[in-house]
Amino acid sequence: MVAPGAYHEDVDDTAGTDLLPPAPGAEQYIALALANTAIALPGGQFIDLLGTPAGATDWLAEQGLAPVDAGLQEMCAGLVRSLREQVRVLFASSSCSDPAPQSALNAVNDALSKAPTAELLRWDPIQGLHRTAPHPITQIVEHALATLAANAADLLTGPDADRLTACGSAPCTRFFLRNGRRQWCSVRCGDRARAARAYARRSQHEPV
């Protein structure tokens, strides 16, 4: 597995994104989709859907977490990438039944604490009395981070936690929800893993 934090270096955030379908479970858990925005491809190539402010804005908008014209700056995009890496750390430890690193727990809990706990009562001349969540548009990233962190916590503590696993086909680093004995996040990854095993078996029987 590629070390967390290495994904946004020298990455094309658009090319090749049609090569892999969403991993099983990513349409159910937005946090799983977040974790898989860093995509490793054969040949040492990486795609980071959050690698630029425009890419991060587009991704959040597609998830309904930001307006399409939010115009995130690099600092905000970096916050989303940082949360992604901590979520990946927790997913990796959970899928291996290892203890959860405290630093990753702290990062996710910090994001969770940004979630509004109640809609406050407000008044203005146009709407009169009304209730709104206490996060103005200027805090849209904090609200998105809280939503993503809460979804990650739901997955890690819910009934699907035991199904969370890492794709078993190198160099893929995606996570997915396993059904039965499935080891790969996509048909493409499965084909690549089977081809690698077949090549290894042939190599063992070839004369030196």
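**Cysteines, an aromatic pair and a buried aspartate**

Cys 76 is partly exposed, with a relative accessible area of 21%, where buried means under 20%, exposed over 50% and partly exposed in between, computed with a 1.4 Å probe on protein chains only. The structure is a predicted model, in which local features need pLDDT of at least 70 and side-chain atom pairs count only at pLDDT 80 or more, while totals for chains, interfaces and linings use all residues. Residues are numbered from 1 along each chain as its sequence is written, and side-chain values use heavy atoms, with hydrogens and water left out.

A disulfide is a covalent bond between the sulfur atoms of two cysteines. With a disulfide taken as a pair of cysteine sulfur atoms within 2.5 Å, the count comes to 0. Cys 185 is in no disulfide, and the nearest cysteine sulfur, which belongs to Cys 172, is 3.7 Å away. Cys 185 is buried, its relative accessible area being 1%.

A search of the whole structure finds 1 aromatic pair, the rule being that rings of Phe, Tyr and Trp (its six-membered ring) pair if their centres lie within 6.5 Å, and that planes under 30 degrees apart count as stacked, over 60 as edge-to-face and the rest as tilted. Phe 91 and Phe 175 form this edge-to-face pair, with 5.7 Å centre to centre and 75 degrees between the planes. Because Phe 91 lies in helix 3 (residues 74-95) and Phe 175 in strand 6 (residues 175-177), the pair ties together parts that are 84 residues apart in sequence; helices (H or I, at least four residues) and strands (E, at least two) are DSSP runs, numbered from the N terminus. Both Phe 91 and Phe 175 are buried.

Asp 48, found in strand 2 (residues 45-48), counts as buried at 0% relative accessibility.
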